[in-house]
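Thank you all for making time this morning. I would like to walk you through one model, beginning with a term that we will need along the way.

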Amino acid sequence: MAVSARTYAVALVAIAGVVAAGCVTVPPEDDPVLLKIGELESRLSSLESRLDNEGMVSMVGELQRLQEEVRLLRGDVEVTGNSMATLEQNQRNMFVQIEDRVRAVESAPRVGGAASAPLADPANALATPLSDSELYDNGFDLLKRQQYEQAREVFAELVRAQPQSNLAGAAQYWYGETFYVRRDFQTARDAFARVLAEYPRSSKAADAQLKLGFCHYELQQWGQARATLEEVLARYGGSSAARLAADRLDRMQQEGR
């Protein structure tokens, strides 16, 4: 009986030693610290993957937005190119339409004067003595035909021969336009300035001052352009000339002029 008890005690001691040894030597794959590190690394990898994906999505979205802007800008350039091809013609059409609306008043018969009677062939406008109305109408017909040099001669003749005519100021304005439309801005500038100096009450005075400002702009005379256009606003507020002057002043501000 004593042997059995001793043997039992030895067995208990051996079992306790085995248990103690197991508590000290936990397999590496079950180490809680290593498990925690592995979990954190897994979470970090997942976050990095998400960030990469979100960044790619953001970059793709930004690229698509930029591509759309480029497409729109290219469309604007194409439209601008097409518009520039017809800009000169559109400008001529514009002032011809405006002039048609006021010509009936400007060329109306006056007491003691003859009614307007343009020649069949406006190119012969200076062949025989004509009234101011006839000269004006013939010059304007030549202008509409884009025969600028001939129109210029007719308008100049009207101003020279009949400087006191009610149509002299308008004729001087269109004389300047024949240079403006050909981009001879210096000569046009002097012609428009003469309208203001000699015919300040002309129906074309506002337009002459507007175009004078435009000529200063094209000649890069920024201070004079700004002062002239601001004077259009002050003198002719609410007119189409004033609106065009305001548009050009806004453009100058955007350009840092």
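A crossing of two helices is called left-handed if the near helix is turned anticlockwise from the far one by less than a right angle, and right-handed if clockwise. Please keep in mind that this is a predicted model, in which local features need pLDDT of at least 70 and side-chain atom pairs count only at pLDDT 80 or more, while totals for chains, interfaces and linings use all residues. Residues are numbered from 1 along each chain as its sequence is written, and side-chain values use heavy atoms, with hydrogens and water left out.

The protein has 9 helices and 0 strands, where helices (H or I, at least four residues) and strands (E, at least two) are DSSP runs numbered from the N terminus. Of its 257 residues, 30% are buried, that is, under 20% relative accessible area, with exposed meaning over 50% and partly exposed in between, for a 1.4 Å probe and protein chains only.

Let me turn to the pair α7 and α8, whose axes come within 7 Å and cross at roughly 160°; axes here are lines fitted to C-alpha atoms, for helices over the stretch in contact, and angles run from 0 to 180 degrees between N-to-C directions. The two helices are therefore roughly antiparallel, a label for angles over 145 degrees, with under 35 counting as roughly parallel, 65 to 115 as roughly perpendicular and the rest as oblique. α7 passes α8 in a left-handed crossing, and their contact (heavy atoms within 4.5 Å) includes L210 and F214 of α7 together with W222 and L229 of α8. By class, this contact of α7 with α8 holds 8 nonpolar, 5 polar and 2 charged residues, with Ala, Val, Leu, Ile, Met, Phe, Trp, Tyr, Cys and Pro counted as nonpolar, Asp, Glu, Lys and Arg as charged, and the others, Gly among them, as polar.

For α5 and α6, the axes come within 8 Å and cross at roughly 170°, which makes α5 roughly antiparallel to α6. Among the residues in contact are Y173 and Y180 of α5 and F185 and F192 of α6, and the contact divides into 9 nonpolar, 4 polar and 2 charged residues.

Finally, the core: the largest nonpolar core has 42 residues, of which Y136, F155, W174, Y180, F192 and L229 touch the most other members. Such a core is a set of buried Ala, Val, Leu, Ile, Met, Phe, Trp, Tyr and Cys residues joined through side-chain atoms within 4.5 Å. α7 gives the most to this core, with 8 residues.
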